[in-house]
Amino acid sequence: MAIKGLLLHPIHQPSTEVFQLFHNLCLLSSGKTVYFGVAAAATEFFASNGFPCPTLQNPSDHYLKTINKDFEQDPEQGLAGGLATEEAINTLIKSYKSSDISHQVRKEVAEICKMESATVEKKRSHAAFITQCLVLTRRSFVNMYRDLGYYWLRLAVYVSLSIALATLFYDIGTGPGSIQARGSLLVFVVSFLTFMTIGGFPSFVEDMKVFYRERLNGHYGATAFVIGNTCSALPYLLLISLIPGAITYYLPGLHKGLEHFLFFTSVLFACMMLVESLMMIVASIVPNFLMGIIIGSGIQGFMILGGGFFRLPNDMPKPVWKYPLYYIAFHKYGYQGMFKNEFEGSSFAINQGGGSQKISGEEILRKTWQVENGYSKWVDLAILLGMVVLYRVLFLVIVKATEKVKPMIAAFMSVSPKKTIQVMENPNTTPMHTEIL
C-alpha cells in the first residue's frame with residue numbers, strides 16, 4: 001500500500017462504478033479513523049469484524065450505514081446480531097488500531113515526516129521574529145506605495161504648500177523685518193506642515209484592523225508589527241522631508257550651508273514621525289476614524305499653543321501651560337532647534353537710534369525668542385528622535401495591555417449577575433373560556 005502523494009477528496013455516497021475507481025479509502029466517524037487503506041480490502045476488513053457487505057449492494061452504502069449514527073438500527077438483513085451503531089463503530093476502531101494496515105500507515109507517515117525534514121514532529125507555531133519583521137515591512141511598504149492617500153497625496157500637497165511658502169517668503173534678506181519673517185516661516189514648517197501628517201490616519205486604522213485579525217490567529221506579535229510599520233514608513237517620510245524641505249529652505253534664503261539644510265530636514269522628518277506616532281497611539285485607543293482625527297488634531301493644537309512661539313516661554317502661565325505642557329510638547333524642541341539652526345552665527349541689520357546697526361543671531365535668540373542657549377541644536381534633535389522612540393514604545397505597551405485587558409473585561413461581563421425582568425400577569429387580560437351547552 002502506498003499513501004505518498006495521496007490526495008483525499010470527500011465523496012458522499014458514490015455509485016458502484018465510481019467506488020470501484022478508488023485506490024485508497026479513508027472512513028471517519030466523529031473524527032476517529034475507522035479504516036484507512038486500500039479500498040478493495042475494506043470489504044474483507046468489515047466482514048472479518050462481523051459486518052459483511054450484502055450481495056449486490058453498493059459497498060459505500062454499506063460502510064455508511066454501518067458507521068453512521070443516524071441509523072441506530074440497521075435495516076439490512078444480514079448485519080450480524082443487530083449491534084448498536086456505537087458498538088459497531090468502537091469494534092471497528094479497535095480492530096483497525098491493532099491491524100497490520102494501521103501499523104503500515106503509521107510507518108509510512110513517519111517516513112514522510114523524515115523526508116520532509118520532520119515538519120510534523122518539529123512543532124513551530126510561527127516564523128522567526130526577524131522573518132516576521134521583514135515580511136511585515138515589505139507588505140506595509142507595498143501597501144503604502146499602492147495607497148495614493150497614504151503618502152503620495154500628502155507629498156503633492158506638501159510640495160504645493162512648500163511652493164506657496166517659498167513664494168510668500170521669497171528672498172526675505174537680513175533686514176529688520178526678516179527676523180519675524182524667518183521665525184514665522186520656521187514655526188509654520190514645524191507646526192502646520194507636519195500637522196498634515198494626520199492625513200494618513202484612515203489608512204493606518206485599516207492596518208490596525210488587519211493587525212488585530214491576524215494577531216488573533218497568532219501569525220505575529222505586536223512588536224513585529226510596530227517595527228514593520230516604522231521601517232516601511234521611513235523612505236516615504238525622508239522623501240517628503242527632502243523635496244518640500246529643499247523648496248522651502250533655499251528660495252526664501254535661509255541660513256546657507258549643507259549642514260544647516262540637513263538639520264532643517266532632519267527636524268522636519270522627526271516632527272512628522274512624531275505626529276505619525278501620536279496618531280498610532282490615538283488609533284490604538286480610539287479606533288473610530290472621525291473621533292480619532294478630532295482627538296489627534298486637538299492634542300496637536302494644545303502642543304502648538306504650548307510650544308513657546310504664540311506665547312513666549314517667560315510669559316506663559318506656569319500652571320499647566322509652562323509646567324508640564326511646555327516641556328512635553330515636541331513643538332518646543334522643534335521651534336528651538338530650528339531657531340538655533342537659523343540664527344546662530346548670523347547677523348541682522350536693525351534700525352536703532354536713527355541709524356542702522358548689526359545685531360547677532362545669538363542676541364536675537366536670547367531676547368526675541370527666549371530660546372534656551374544652554375545646549376546645542378543637536379540636543380533638541382536628539383530629544384525629538386527620543387520622543388519618536390518613546391511614542392512608538394507607548395503604542396506597543398497600549399496594544400499589549402489591550403490584549404490582556406479585553407479578556408478580563410469579557411470574563412467580568414460574563415460572570416456579572418444578569419438583570420431579571422418580572423412580568424406581572426393581569427388576570428383580566430387572559431382569554432375567557434366559555435362553555436357552550
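This is a predicted model: local features need pLDDT of at least 70, side-chain atom pairs count only at pLDDT 80 or more; totals for chains, interfaces and linings use all residues.
Q: Why is Arg215 called partly exposed?
A: Its relative accessibility is 28%. Buried means under 20% relative accessible area, exposed over 50%, and partly exposed in between (1.4 Å probe, protein chains only), so Arg215 falls in the intermediate class. Glu403, at 27%, is likewise partly exposed.

Q: How do you know that Lys332 forms a salt bridge with Glu372?
A: The closest N and O atoms of Lys332 and Glu372 are 3.5 Å apart, which meets the salt-bridge criterion. This pair also links distant parts of the chain: Lys332 lies in helix 14 (residues 330-343), and Glu372 in the loop between helix 15 (361-367) and helix 16, 40 residues apart. Lys332 has a relative accessible area of 2% and is therefore buried, whereas Glu372, at 25%, is partly exposed.

Q: What separates Lys367 and Glu363 along helix 15?
A: They are four residues apart, which means a separation of about one helical turn. Their side chains meet in a salt bridge, with an N to O distance of 2.8 Å. Lys367 is exposed at 56%, and Glu363 is partly exposed at 24%.

Q: Which search result counts the aromatic pairs of the structure, and why is the pair of Trp152 and Tyr236 classed as it is?
A: A search of the whole structure finds 30 aromatic pairs. For Trp152 and Tyr236 the centres are 5.8 Å apart and the planes stand at 85°, an edge-to-face arrangement. Trp152 is in helix 7 (residues 148-168) and Tyr236 in helix 10 (residues 222-250), so the pair ties together parts 84 residues apart in sequence. The class follows from the definition: rings of Phe, Tyr and Trp (its six-membered ring) pair if their centres lie within 6.5 Å, and planes under 30 degrees apart count as stacked, over 60 as edge-to-face and the rest as tilted. Trp152 is partly exposed at 29%, while Tyr236 is buried at 5%.

Q: Why is the pair of Phe204 and Phe225 called tilted?
A: The angle between the planes of Phe204 and Phe225 is 35°, and the centres are 6.5 Å apart, which gives a tilted pair. Phe204 in helix 9 and Phe225 in helix 10 are 21 residues apart, and the pair links distant parts of the chain. Phe204 is buried at 5%, as is Phe225 at 8%.

Q: What places Lys340 over the face of Tyr375?
A: Lys340 is 3.8 Å from the ring centre of Tyr375. The rule asks for NZ of Lys or CZ of Arg within 6 Å of the ring centre and within 35 degrees of the ring normal. The charged end of Lys377 likewise sits over the ring of Phe263, at 5.0 Å from its centre.

Q: How do you know whether Ser241 is buried or exposed?
A: Ser241 has a relative accessibility of 2% and therefore counts as buried. It is found in helix 10. Leaving aside residues up to four places away in sequence, Ser241 touches Thr265, Leu268, Phe269 and Met272, contact meaning heavy atoms within 4.5 Å.

Methods: Residues are numbered from 1 along each chain as its sequence is written. Side-chain values use heavy atoms; hydrogens and water are left out. A salt bridge is a side-chain nitrogen of Lys or Arg within 4 Å of a carboxyl oxygen of Asp or Glu. Helices (H or I, at least four residues) and strands (E, at least two) are DSSP runs, numbered from the N terminus.
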